[in-house]
Amino acid sequence: GGPTWFHGRVPLAKNDDQHWLSDLQCYVRSECVEAFTVKSVDFSEFGAQESETVGQVGIRCVFCAQANPDDRARGHVVFPSSISEIHQNVNDLMRRHFNMCPWMPKDSRKMYKSVRGFSSKADANANTYWADAARELGLVDIFGGGVRFWRDPTMETPADLLTRNSIQRKSLSILKPEDKSNMTDFLFLLLSQMQRCEFSIIDQQKGRRSLKVKKVGFPGVECIHCAKNGAYGRYFPISSKVFGDSTAPSLHTHEMACKWCPDEVKSSLSYLHHRVIYQKSELRGGWKKRFYEELWERLHSPQNSKKKSESDDESGLESGGEGADENACESSSGDDSSKVPEEHIENANSESESDNEVGDLIASAALWLCTQDDEEEKKMKRGRIAREAPTPASRIVQKFAVGGRGRGIVTRPKRRRLIHF
């Protein structure tokens, strides 16, 4: 009944190493070390004191791994106690083993020495990248210390599929295939886990009374994993700006905590979050605002709101068949031949009126938000002008001694110190 662990061996290198690590670290991760699973046949090599490491993942030199166990150099393998220590363990191998490894080929040693002179990238996120890249490989910390593979390390992840532009878009997703070139891979994978939903009476009963737009049928987004399992992960932004500024971070927080979201999606989201920094510079200016405005219109379009009702109507027409045509022919000769068209006209008018009400509601909400923004901007401007204006002489405060004795002390405003940036 315990968890299922996987066995295998795989290099530590990932596609984004060059953006976060030094040339030496990239070369070592891709050509010199690998993550492997310890088996029972390896007991004679590691000794009896490490007999409890069956199934545990270690980091070893790939050159010594090809030699006989008796001829391998000492200290060619390390066993990280957690994912966060993989970075330090690889640095220990670089400092103690590779300089004297007897099985490293001459061309590999020459390349190793050539890239060793370059300084490493001083980035505070490098340690976080090492841990996120390890999780992307399928590594996970186990209770009691050590690291293991929770999935097959040779299988591709959602991040790998996005890199190859071969990810399968879900049928209910709110995205389109052409959206991938207009956003980051992180945002594309995040929004691929969402589908369109509508505000209902159940949402009001579950504590969403603070929503400014409380009309039933207001469109929003929900987690596809929660929707399949009856959980609750629904969000209803009131504007495209709110969608991009506050709702999108909330979606990320929800997916990382959602117990129904697959672990490979969570690890890929953490890994792709590092890619956002340099992908933003490759996109056109204002891409985020344009995308969320288009997505907002896509969610609120009448076609999406009527898609389900149209499919129901089509199924009803198909089930009616020939009997409906015969009834129509028989009613055409009677006096009640005008009743059916009138009902259709009334239904069409009611649908158009409901669409107009939703459109007016959205327009009024947008107008209210714009008015609030203008008022806040005017208040900030008035405050800035008041702070920069000099103090008039009439406002100079005069303070006198107690009981009227003394000549009095006049206090003048102090001069502000000029600070240059």
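**Reading burial, pairing and charge**

Colleague: Which residues of H13 are buried?

Modeller: The buried residues are Val265, Lys266, Ser267, Ser268, Leu269, Ser270, Tyr271 and Leu272. Buried means under 20% relative accessible area, exposed means over 50%, and partly exposed lies in between (1.4 Å probe, protein chains only). Helices (H or I, at least four residues) and strands (E, at least two) are DSSP runs, numbered from the N terminus.

Colleague: What should I know about the model and its numbering?

Modeller: This is a predicted model: local features need pLDDT of at least 70, side-chain atom pairs count only at pLDDT 80 or more, and totals for chains, interfaces and linings use all residues. Residues are numbered from 1 along each chain as its sequence is written, and side-chain values use heavy atoms, with hydrogens and water left out.

Colleague: What do the buried residues of H13 pack against?

Modeller: Their partners are helix H7 (126-136), H8, H9, helix H12 (240-257) and helix H14 (276-282). Contact means heavy atoms within 4.5 Å.

Colleague: Where is Asp179, and what does it touch?

Modeller: Asp179 sits in the loop between helix H8 (158-163) and helix H9 (185-191). Leaving out residues up to four places away in sequence, Asp179 touches Phe188, Phe291, Glu294 and Arg298. Its relative accessibility is 2%, so Asp179 counts as buried.

Colleague: Now the sheet. How do I read strand order?

Modeller: Strands of a sheet pair through backbone hydrogen bonds, either parallel or antiparallel. Two strands pair if DSSP finds at least two bridges between them. Here an open sheet of 4 strands runs in the order E1-E2-E3-E4, with antiparallel pairing. Strand E1 (9-11) and strand E4 (77-78) are the edges, each pairing on one side only. Helix H2 (residues 23-32) packs on the sheet and touches E1, E2 and E3; its direction makes about 45° with that of E2. For that angle, axes are lines fitted to C-alpha atoms, for helices over the stretch in contact, and angles run from 0 to 180 degrees between N-to-C directions.

Colleague: How many bridges join E2 to E3?

Modeller: There are 5, between E2 (residues 33-37) and E3 (residues 57-61). Thr37 stands opposite Val57 in E3.

Colleague: Next, charge. How many salt bridges does the structure hold?

Modeller: Side chains of opposite charge can pair when their charged atoms come close. A salt bridge is a side-chain nitrogen of Lys or Arg within 4 Å of a carboxyl oxygen of Asp or Glu. The structure holds 15. In one of them, Arg60 meets Glu34 at 2.9 Å, N to O. Arg60 lies in strand E3 and Glu34 in strand E2, so the pair ties together parts 26 residues apart in sequence. Arg60 is buried at 11% relative accessibility, and Glu34 is buried at 6%.
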